[in-house]
Amino acid sequence: MAGNIEPVSARREAGRGVAVALLVWAMLGGAMVATWAAMRRWWFPPLASSQGADIDRLFGIIFAVISVVFILVQATLGLALWRFGSRGESHRASHWHEHRGLEIGWTTITAVTLIALTVLGGSLWLRVHSAPPADARTVEVVAEQFGWRFHYPGPDGVLAAVDLTADRRGSPLGIRSDAPGAADDIVSRELVVEVNRPVRLLIRSKDVIHSFYVPNMRFKQDAVPGRVVEIWFTPVQAGTFPIACAELCGVGHYVMASTLKVVTPEEYQSWLASFARGAL
Amino acid sequence: MAVLEQDVRAAHEEQHRESLVRRYIFSQDHKVIGIQYLATSFLMALIGGVLAMVIRLELGWPGSVINQGSYLSTVTMHGTIMVFYVLSTALTGGFGNYLVPLQIGARDMAFPFLNMLSYWLYALSLIPLVAAFFAPGGAPMSGWTAYTPLSAVPQAAPGSGIGQSLWLLSLAILIVAFLFGSLNVITTVMQLRARGMSMMRMPLTVWGLFITAILSLLSFPVLLAAGIMLLFDRHLGTTFFLPAGSVIGGKVIAAGGGDPLLWQHLFWFLGHPEVYILILPGMGIVSDIIANNARKPVFGYPVMVLTMAVIAFLSFLVWGHHMFVSGMHPMLGTAFMATTLIIAVPSAIKTFNWLATMWRGKIRFTPQMLFAIGFVSVFVTGGLTGLMLGNPAVDMYLHDTYFVVAHFHFVMASASLFGVFAGLYHWFPKMFGRALDERLGRLHFWLALPTTYATFFPMHFAGLAGMPRRIYSTQLYGYLQGLEGLNRFISVAAFVLFVAHMIFAVNVVYSLAKGRRVAENPWQATTLEWTTSSPPPHGNWGEREVVVYRWAYDYSLPEAAQDFVPQNVPVEAPVTAVARQAGGQVAPATG
């Protein structure tokens with residue numbers, strides 16, 4: 001038939017099927033080898049919070065599930081291409097296009113798996129967002145283009161009200177010196193917390209949306225102007241950890257870094273004491 | 001229905017006498033408009049692709065080519081152009097216009113004038129879009145999602161000046177174009193199907209485009225409203241998205257009352273259906289191409305239709321999974337997690353059905369089949385990581401990192417693009433009467449699939465290591481220092497990927513001039529567009545009336561002489577007649 005598909009010899013077409021099958025399997029194999037290699041070099045940064053342990057565990061479960069599906073589906077795809085390449089004019093495709101049992105089977109397995117993941121994920125999410133323990137320390141986090149400030153209540157445990165529109169040099173966060181609880185409040189450029197002590201954050205932004213991201217704590221929460229988001233976590237490893245901004249916030253987005261220091265209770269007390277009375 | 005049909009035909013006869021300008025520039029012929037949409041989309045893809053190369057240059061060699069502000073403009077415009085001005089327009093405007101009337105046996109779209117308007121609004125929208133690059137302060141820097149207040153207050157970023165307003169204006173015009181287009185597709189499918197073409201006989205390509213049109217019609221107006229509200233905030237002093245008591249770029253927002261989360265809800269109410277707007281047409285196209293090249297009926301056709309409808313319905317209920325860490329109430333997060341994971345069920349079923357369609361087939365490895373295979377492969381790879389991101393506690397870590405970039409570049413960008421390429425290799429002969437060069441097509445695929453994996457798969461690792469999106473440089477953060485080599489590798493792979501897609505551009509130019517001439521039905525396909533000449537005349541079938549007798553997948557019927565029976569061949573016809581008619585004769589208008 002002139003102008004129709006160019007006739008290809010059966011051997012050639014089958015050969016093409018084998019080649020494409022090998023390509024698909026090469027992608028599968030490449031992805032597996034790359035992932036195996038990445039686990040040693042480019043995987044999660046060291047874990048340092050109690051919630052993070054739960055998150056990593058759930059990640060591991062989902063990772064196992066999707067790895068199995070990934071391997072099975074890509075391998076089957078390759079197998080279909082390998083086996084069912086055209087084998088000449090005489091050979092014809094099977095007229096097979098319904099199979100109730102197969103369809104019910106794979107729908108049920110998929111649905112059950114996903115319901116299980118939903119239950120696991122939902123319960124962890126509600127734990128992450130549960131009420132903070134009574135012994136949690138409170139720190140107010142204020143984001144702005146392009147930096148972070150951390151507002152501590154001081155020994156009296158009372159956070160003075162901030163007024164971000166009055167925030168300027170000499171009056172950090174716009175805290176009025178005669179405001180209740182203001183006298184001993186501390187405003188720091190780095191976040192210092194005690195190890196194994198839950199820390200309750202009140203996250204807010206002065207200008208645009210930022211996102212408070214501490215990779216080692218598996219912790220991220222947007223800072224939204226006009227709103228205070230309350231959330232907590234428990235650091236379980238002492239050390240110094242990076243804080244990044246994860247929400248595009250302007251030209252300096254990539255330099256909006258800070259540091260989280262997780263210290264012993266004694267170090268924490270001496271850090272607090274290092275601020276002269278009325279450190280504002 | 002009949003009256004409408006006559007109107008369309010009358011309009012066409014009129015058009016035959018019209019000038020070249022009316023025929024090929026301000027044309028009301030759905031085929032010309034479809035090709036116009038495709039050509040313009042590819043022009044925009046070139047711009048979007050070059051912007052991607054600039055991003056990769058910067059991330060591979062930080063600080064070498066571009067400053068911080070321009071980098072954010074590049075990221076913003078790359079995303080905007082690729083999502084709205086390339087993939088959406090190529091699939092809904094390009095394939096939607098070209099294929100829907102041809103595959104349902106109509107002579108044109110229901111509203112040809114509206115259709116012409118739709119394309120020219122798209123063309124018009126490109127003027128403010130491109131002008132944004134040259135605005136004082138440059139193109140917008142707030143990402144394709146344009147989160148407020150960054151996008152609302154000019155003081156917030158240099159690109160949040162006039163560039164952002166031009167961006168909004170362009171998007172608003174484009175949305176009107178999409179609305180005209182989707183109204184047209186819906187009406188055409190509902191009203192202009194040929195005799196015998198029941199809904200359940202439609203090819204899955206038409207189903208994909210039809211359901212996509214419904215999605216567009218219901219979701220784009222929300223973004224249009226949001227965009228207009230944002231323009232009001234920017235220019236008329238309203239504060240829909242601005243809270244009181246903030247200070248942005250030194251400007252005190254005293255009278256507020258708005259909420260930045262409102263923008264996110266409105267944006268993602270479109271934004272999530274949008275990713276299905278980009279994938280459903282591809283799913284339909286790929287289903288048909290796999291059936292045609294495996295010489296087998298699509299496996300589980302009714303389920304394929306149902307799963308598309310379920311995906312479309314659920315896509316309106318999942319937008320909050322973009323907002324797990326936005327400050328939205330955590331209980332809402334739980335609800336959105338449930339709908340998000342449920343939507344994976346129909347997606348998985350579709351994948352299994354594609355595999356079953358190939359299974360026990362007689363597969364031809366044409367370039368369109370290769371890209372359809374690539375579609376399945378990258379769709380699975382990208383779809384699976386959605387189960388991680390859809391889980392809010394895990395998303396807490398992965399949100400706004402390169403893991404997300406990897407995820408959507410597989411499942412939405414690459415899969416959708418592979419769908420577009422598969423469709424082009426398949427229907428190019430119908431559009432131009434000449435096939436794309438097969439050898440170049442194979443080369444294109446053999447380079448594109450490995451480099452797609454090499455580019456986007458390692459991005460998962462950058463994300464797991466904690467690399468945020470949209471950062472100008474990884475140099476600042478100590479914990480990202482080890483990613484330099486990884487990022488260079490990704491950049492080099494991306495450059496090769498760009499070259500691979502350029503092969504397609506070469507192929508188009510070469511094949512338009514020198515491509516192999518083809519007959520009506522070069523792929524021995526069953527659907528109606530292959531029963532008319534290549535390219536089809538105005539009105540698609542001349543004086544013949546199109547009547548449909550069977551579904552779109554009568555491949556390898558055991559009792560038929562050939563391994564395909566076109567939809568217009570009567571069921572009661574003797575087997576020998578089937579063989580003669582298979583070349584594309586249209587059944588007589590009886591019954």
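In the predicted model, chain B comprises 17 helices and 2 strands. The C-alpha atoms of chain B occupy a box of roughly 80 × 50 × 45 Å along the principal axes.

Chain B is in contact with chain A through 124 residues, and chain A contributes 104 residues to the contact. The area buried between the two chains is about 9,900 Å², with 71% given by carbon and sulfur atoms. On the side of chain A, the greatest losses of area to chain B are those of A:Trp42, A:Trp125 and A:Tyr254, which together represent 9% of what that side buries.

One salt bridge is found by the rule between chain A and chain B; a salt bridge joins the side chains of A:Arg227 and B:Asp259, with an N to O distance of 2.5 Å. Residue pairs in polar contact between the chains, both at pLDDT 80 or more, number 27. Elements of chain A that give two or more residues to the side touching chain B are the helices α1 (10-41), α2 (50-83) and α3 (100-128), together with the strands β7 (219-223), β8 (229-233) and β9 (239-245). The most is given by α2(A), with 16 residues. By class, this side of chain A holds 62 nonpolar, 26 polar and 16 charged residues.

Note on methods: Residues numbered from 1 in each chain as written. Chains lettered and ligands numbered in written order. Predicted model: local features only at pLDDT ≥ 70, side-chain atom pairs only at ≥ 80, totals over all residues. Heavy atoms only, no water. Contact = heavy atoms within 4.5 Å. Buried area = accessible area lost by both parts, 1.4 Å probe. Salt bridge = Lys/Arg side-chain N within 4 Å of Asp/Glu carboxyl O. Polar contact = N/O pair within 3.5 Å; in protein donor to acceptor, adjacent residues only side chain to side chain. Helix = DSSP H or I, 4+ residues; strand = E, 2+ residues; numbered from the N terminus. Nonpolar A, V, L, I, M, F, W, Y, C, P; charged D, E, K, R; others polar.
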